[in-house]
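Please keep the sequence and the model in view while reading.

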Amino acid sequence: MDAIQQHLLDTYRAARLGEPAPPPPGRHDRRTLRDLYHHWLTHPPTRHQPARGHSSPSGV
């Protein structure tokens, strides 16, 4: 089932239950991407390098 089909099903269920319809898919994508980008700028990813001389998690 794709996003449009799920939205139609959710809209139908909401109408049957007398609830407000859900927002259409993709409505908040731009804001979400902007928030993720802002988070990336304020919390840059770090590279984790294991210390030398330690064994790997598998013990090999």
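The expected span of a helix is 1.5 Å times one less than its number of residues. The model described here is predicted. The protein contains 2 helices and 0 strands.

**Helix 1**
- Helix 1 covers residues 3-17, a total of 15 residues.
- From its first C-alpha to its last, helix 1 reaches 21 Å, close to the 21 Å expected at 1.5 Å a residue.

**Surface and burial**
- The protein has 60 residues, of which 3% count as buried.
- Its accessible surface comes to about 6100 Å², and carbon and sulfur atoms account for 57% of that area.

**Nonpolar patch**
- Tyr37, Trp40 and Leu41 make a nonpolar surface patch of about 360 Å².
- Trp40 is found in helix 2, which comprises residues 29-42.
- Trp40 counts as partly exposed because its relative accessibility is 47%, and the partly exposed class lies between the buried limit of 20% and the exposed limit of 50%.

**Positive patch**
- A patch of positive charge on the surface is formed by Arg27, Arg30, Arg31 and Arg34.
- Among them, Arg30 is found in helix 2.
- Arg30 has a relative accessible area of 73% and is therefore exposed, as the exposed class begins over 50%.

**A general point on helices**
- An α-helix has 3.6 residues a turn, so residues three or four places apart point the same way.

How values were computed:
Residues numbered from 1 in each chain as written. Predicted model: local features only at pLDDT ≥ 70, side-chain atom pairs only at ≥ 80, totals over all residues. Heavy atoms only, no water. Helix = DSSP H or I, 4+ residues; strand = E, 2+ residues; numbered from the N terminus. Buried < 20%, exposed > 50% of the residue type's maximum accessible area, 1.4 Å probe, protein only. Areas by Shrake-Rupley, 256 points an atom, 1.4 Å probe, with all protein chains shown as cover. Patch = residues over 30% accessible without salt bridge, like charges linked within 9 Å, V, L, I, M, F, W, Y side chains within 5 Å. Salt bridge = Lys/Arg side-chain N within 4 Å of Asp/Glu carboxyl O. Lys, Arg positive; Asp, Glu negative; His and termini not counted. Charge placed at Lys NZ, Arg CZ, Asp CG, Glu CD.
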